[in-house]
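Open the model in your viewer and keep the selection tool at hand. The tour has two stops.

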Amino acid sequence: MFFFKKPAPTGLSIADAVQRAKNGDLVLVDVREHEEVAATGKAKGALHVPLMRMRDMADPRHPDYNTTLRNDACIAVYCASGGRSHSAVQMMRKLGYADVHNIGGFGHWVQAGGAIDAH
C-alpha cells in the first residue's frame, strides 16, 4: 500500500498578499515601467523595480543591490497583467530567492482591495 503526501500549497493568492501587506510581513514589488507607475500609482508600500533593473537590484553581489529584497523574506511581485512579474519571479529564483510569488497585475491588486499610493 502506498501513501502519497498531499503536496504543499504553492503560490500566494492575491487576497493573501493584500492581507500580508497590511500586516507588514511581505515585500511587495512593482516591476512595471516608470511611465506606468506614474499613470496609475502603485500598491501602497510597494518597492518599484522595473523588470529591466531586477537582475541588478536583486543580486546581493551587484553594487545596485536593494537591501529590501532579502532572500529570506516573502516577496510578492506584480506588473500590469502578470507576464513581466512571472519573468521577475523566475529571475529571482535563479538568484536564490525561494519565497517569491507572482500575484498578477496591478488591476488584480486593486480588485482584491489592496491599498494604493496615488500617482
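Select helix H3 (residues 51-58) and helix H4 (residues 83-94); their axes come within 10 Å and cross at roughly 20°. H3 is therefore roughly parallel to H4 (angles under 35 degrees). Axes are lines fitted to C-alpha atoms over the stretch in contact, with angles from 0 to 180 degrees between N-to-C directions. Helices are DSSP runs of H or I, at least four residues; strands are E, at least two. The crossing is right-handed: the near helix is turned clockwise from the far one by less than a right angle.

This is a predicted model: local features need pLDDT of at least 70, side-chain atom pairs need 80 or more, and totals for chains, interfaces and linings use all residues. Numbering starts from 1 along each chain as its sequence is written, and side-chain values use heavy atoms, without hydrogens and water.

Now show side chains. Leu51, Met54, Arg55 and Ala58 in H3 meet Arg84, Ser87, Ala88, Met91 and Met92 in H4 (heavy atoms within 4.5 Å). By class, this contact has 6 nonpolar, 1 polar and 2 charged residues.

Next, the largest pocket. Select Ala21, Lys22, Leu28, Lys44 and Gly45, the closest to its centre among 13 lining residues. Helix H1 (14-23) and strand S1 (27-30) each supply at least two lining residues. H1 gives the largest share, 3 residues.

Technical notes. Parallel < 35°, antiparallel > 145°, perpendicular 65-115°, else oblique. Nonpolar A, V, L, I, M, F, W, Y, C, P; charged D, E, K, R; others polar. 1 Å grid on protein atoms, 1.4 Å probe; cavity = no way out; pocket = protein on both sides within 12 Å on 5 of 7 lines; lining within 4 Å.
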